[in-house]
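Hi,

Here is the model I promised to pass on.

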Amino acid sequence: VKKKYTFSSIKVLLILLFIALSKLTILAQPIQEIRINGEFRQTKLDDFFLRLEKDYHIKTYYRTDWIANQTINQTFTETPLIQALNQIFNNSSITFRFFQNNSIVIFPKGLDGNNTIKNAQSEVIVIGNKLNEGRYASAKLKGRILDGKNSEPLVGAVIFHAQTGIGVTTNSSGNYEIELPTGDHTLQISFMGYEVLNQKIKLIENGKVDLELFEETHNLEEVTITGENNKASKAQMSMVKVNSRIIKELPVMMGEADIIKSVVMMPGVQSVGEMSGGFNVRGGNTDQNLVLMEGAPVFNTSHLFGFFSMINPDAVQDVTLFKGGIPASYGERVSSIMDVKLKDGNTENIKFYGGIGLINSRFTLDGPFVKKKKSTFVIGGRTTYSDWLLRQTRNEQFMNSVAHFYDINGSANLVLGKNNTVKIMGYTSEDVFNLNSNSLYTYGNIIGSVNWRSIFTKKLISNLNLSYSQYDSELKKKDSDSPENDYILHTGVQYGSMKYILSWLPNEKNRVNGGIQTIGYKILPGKITPAGTPTAITNVKIPTDQSLELGVFVDDDIDLSNTVAFNAGLRYVHFMNLGPGTVLNYDKYQTKSPSTVIDSTTYASGKIIKQYFGIEPRLSFKFSLKDDGSFRISYQRMHQFMNQISNTSVMSPADFWKSADTYIKPLISDQFAVGLFRNPRKGRYETSVELYYKNLKNLLEYKDGAVLVMNKHPETDIINAKGYSYGAELFLKKNTGRLNGWLSYTYSRTFRKTDNTRDNEIINKKNYYPSVYDKPHDLSAVMNYQISRRWRFSGNFVLSSGRPVTLPEQKYTYDGKQVVYYSDRNKYRMPPYHRMDVSITFDENLRKKRMWKGSWTFSVYNLYGRKNPYSIFYRREPSIQTTSKAEGAIYKLAVIGVPVPSITYNIKF
Amino acid sequence: MLTKYTEKLNKYRRVMCKLAVLLLLSVAFVSCEEYYTPDLDSATSMLVVESQITNIASKNFVRLTKTQDFYETNADTKISGAKVELLETGGGTSYGKETSTGYFTLAKSAIPGKTYTLKVTYDNKTFISSPVVMPALPQIDTLYTSRSIKKTYEPSEYGAPKEVENPVFNLIVDAPISSQLKYFRYSVRSVLQWKYSPPSTGAPLPLWYGWKNTPSNSTFNIIGQGNYSTATNKIKNHNIQSLYIDPYQYLDSAALAPAGWIEIIDQYGITKEAYDFYSALNKQFVADGNLFDPVLSQIPSNIYCKTDASIKVVGFFNVCSYQGYRYFIFPQKTSIFQKRVSNSLDIPESGYLTGLPPNFWVYY
């Protein structure tokens, strides 16, 4: 009883002491830094404490029975007191605390609830020199969180310290930095689909620790803490982030991971159709999405008419898609911004990643320029052997087809001192294909960017981005009857941009970004050249179209209180269509056509032909709710000065871009969105509901029978339209456990209308009609199940409403031939689209020391062989491929009508 | 170490290639096209005006019918009792004569350079066309033949498309263009002559002289001054007909001996609007729902309802100039014989005479 009483008394005493400590003013020289000198050979602790009192005026409080018969055998020379005491009490059953900067309290370990004796089975990582234990009040812990299987950095992993509530996430290189009080802690490290690691550490001073997570194989009592992405505003909503791991785990066609096919599984993002390039965000056209690769735009995002995305999945770190609440630093397109970040490269050693697929292979090499130095590189590429395989089929139709592509990407991440980093990226690609037709498509991208990040002070950071993107397309039209009429149609666009952002962080609750951006466009709308000799074709070129876009922006991200965050931004845009050029002036009382031209105006090089200005407010609010939830609301206005001119429902490589000009006005979008976000069960689940309404002005529509290719004055075939979209997006995601994945459902509508009164400019009697991308229901389900440490199963299911189509409603005879009369535009709808894909992955070996690491992925695309319609059309005569035939009937074409199995071998060494 | 990895890679590559070929063979049958019958709304019938006014009165006609619901299986509904007028700007009016239900002939020959308007009165409504200027008379500068290989597809034994190559001969024309005439339509009727010597055990039986039409083209053969053409004063190298060199592709029996082709060529000078109209029809005829097909659109018309603008009319008022030609073509092993022949005699669609050839018969 006496002992218990004694211990309780000491606890009370200690508590009082600590309270007192916290209120005391710190003296000039902290007690722990007092330098101790002396040789203590077989000296009793009692004597040592007396010496401290005598020489340094430090009093020591203790119970004599705790230190009875204890001696020390040390020599101190200018040794800080803290280090001296640590040396003495290391491996001892007693420990110490300083008191009032002039005293020391000695007591047995375990009495303060903090400095506990370690469990023998726990692995504790000690950060810092034990001799410095207690020397610092706090310390910074840095390091990387890695995938234990392949040592790839995990982006967005959460490091959480429960006692203080401090949590951070890893950045795009997998790095983290957290500042904690020194002492013993347990850090919880979590990442979706990985076992949560409860890592015990003893933090003594600043240090670095790399930690590894392994994919989940057991049901554990995990705690996942979600952190705010440090780049996005705290009030950010309508944002989708997909990391490289998710991209690679989804089952895909021909076993090739694909960033766009991953993103379309998210709410509000829809695929154009089976095997089609591009995607639709909240009912927007495909050209309303700006896809940025390290800040440089990608004008054509697909290989092989939509089979694959342009970007090598091995090189991708993560993909962020803004559907709404777009930060003021972004502009150019009205529907979405997809920001693709490529890997920085690992700093440890050179690593090779690759994959051998059925129709293509890929490789990526990354590592430091100098081993264990910070500057790194990544280089990768992909190519296909589909040409060779097509010939092996012995099918004449396939043998006469061409289909191949390659892409090469490279980047160098240069760390220039402590405060400057420069990332240089380059990318090139080429596609060539025809499918047994007289049209040979060749197209490619050349993209480059330089990103220079400079830290002036801890509160002032700058980012300079220089980017260049070039897209060229060639369509070689062969005329088998008269080869002299063979020609090549060239189209292209060149883009150069400079963007400078200055970020000022006056305090933790406020972040201000300001910057400028200038963009130059040069568009080749079309050029015809002969494709053979002799030729009856002459060179014809539509004059190039040049323009300049300026943007000035500022936004402020503020935490108004613990529950309210606010982001206000403003972007000013100024667009100039520049000469040389000739503008035709039309009779304003008549439809624009070559016959209604009154006169023309010619502009010299560099002269402004037409200019537009615009102010784009961006506002976002976040109201935090209890239990990790939040309610968010946003508004944005966006201008788009570049449109892809196309009257095909599927984007063609030969579609050309057109800037705003005298007649084609800039597309303007206003979007309101509200959302409710909850992360129940301590972040194990993510749920959200978002509602949006979007109003669009100056959309481009085309007159019936519009001729767009090589049209010197496309304004004669283009009609300005208006439209609106609205929808609701539901999202449920399970982040952890052996079984994880998500379910997303979107209800969305999008409509168009023309107000023109002239006969050939009226569409659907001036009533609203559904856009070709109006798909009201869209459901996506993604599931990953970790069967064991080496086997993983993935599956996804998509279900969406069919795309609107225009179908023949009536028929008549003309010159003995049956002719059909079509319904109002987009009056009917294709049958619903649904598909299930599955894959199973087997990792050959997970041993860390094994150099060669391989994995097999077996996947089946369209598991139950659904014949989803790619198009529905009227055909007078059935083709020989038609399975059931009728003259002058409606047909349904399914591109992929059977289950498509594939196998891929991925390697890393 | 590197050799080991290379060997491993090669091994995987070999396996993957085998699998890939197997997969592609199966994918060859992946895409499929099916007859599809969606529910379609029933719509109000519209007036269909098919008309042709030329410089040859016998070729002028106006045909009036009504549109039908898409799934209707009955024959076209012909319109009876309409009043058809052809108005010449600065000239008189000629009236259509209903020679059969819904079919009107017009005795007036149109004159190049004059402007014409079609007026149809039916069911107390007036339908009127845009005024159309008749183009100048067309000409064929040169007609010549060439040989080429035509690729077609047939189902293979596995049902997959199989390419078949056939040698063909082509009829090629050059035609001058002017500011009054830049667009043409060609309609070619190919009549294959054949002879048959019936087997006889006694005295020889009289020879049979037969002929038959080949199937007409499924699209309209139109040509205009090409935007990208080097030639500014003529249409060059325009193919108006392709026929198999092997005539047995058309004959029903190997016992029939081919005796050359009579090519009856109708050349029409058409307006830009008519060219666009035929071009739109052709696009509809050849649409196959493949990659990058343009969004479907209505066929343009130059006729509207004057009494009620909300009433839609389909069809076209086609004022075109006409010139007819007739050639005899006889493909040989290494050359193709051709000569121009009189085009005054009618040739029935098919038939034969015994003993004597028909009066239109052309000898090689």
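B:Q241 sits in strand 18 (residues 234-244) of chain B; helices here are DSSP runs of H or I with at least four residues, strands are runs of E with at least two, and both are numbered from the N terminus. This is a predicted model, where local features need pLDDT of at least 70, side-chain atom pairs count only at pLDDT 80 or more, and totals for chains, interfaces and linings use all residues. Residues are numbered from 1 along each chain as its sequence is written, chains are lettered from A and ligands numbered from 1 in the order in which they are written, and side-chain values use heavy atoms, with hydrogens and water left out.

Is B:Q241 buried or exposed? With a relative accessible area of 5%, B:Q241 is buried (under 20%; exposed is over 50%, partly exposed in between, with a 1.4 Å probe and protein chains only). Its side chain makes a polar contact of 2.8 Å with that of B:S190 (a pair of N or O atoms within 3.5 Å; within protein, one must be able to donate a hydrogen and the other to accept it, and residues adjacent in sequence count only if both atoms are side-chain atoms). Beyond neighbours within four places in sequence, the contacts of B:Q241 include B:F169, B:L171, B:N217 and B:E263 (contact means heavy atoms within 4.5 Å).

Now for a sheet that involves both chains. Its three strands run in the order 51(A)-50(A)-4(B), open and with antiparallel pairing (strands pair if DSSP finds at least two bridges between them). Strand 51 (817-822) of chain A and strand 4 (68-69) of chain B are the edges, each pairing on one side only. Two bridges link strand 50 (residues 808-814) of chain A to strand 4 of chain B, and A:K811 stands opposite B:Q68.

Over in chain A, strand 12 (residues 197-203) pairs in the parallel sense with strand 6 (residues 124-127) over four bridges, with A:K200 as the partner of A:V124. Strand 11 (residues 183-190) of chain A runs antiparallel to strand 12 of chain A, joined by seven bridges; there A:G183 partners A:L203.

Cheers
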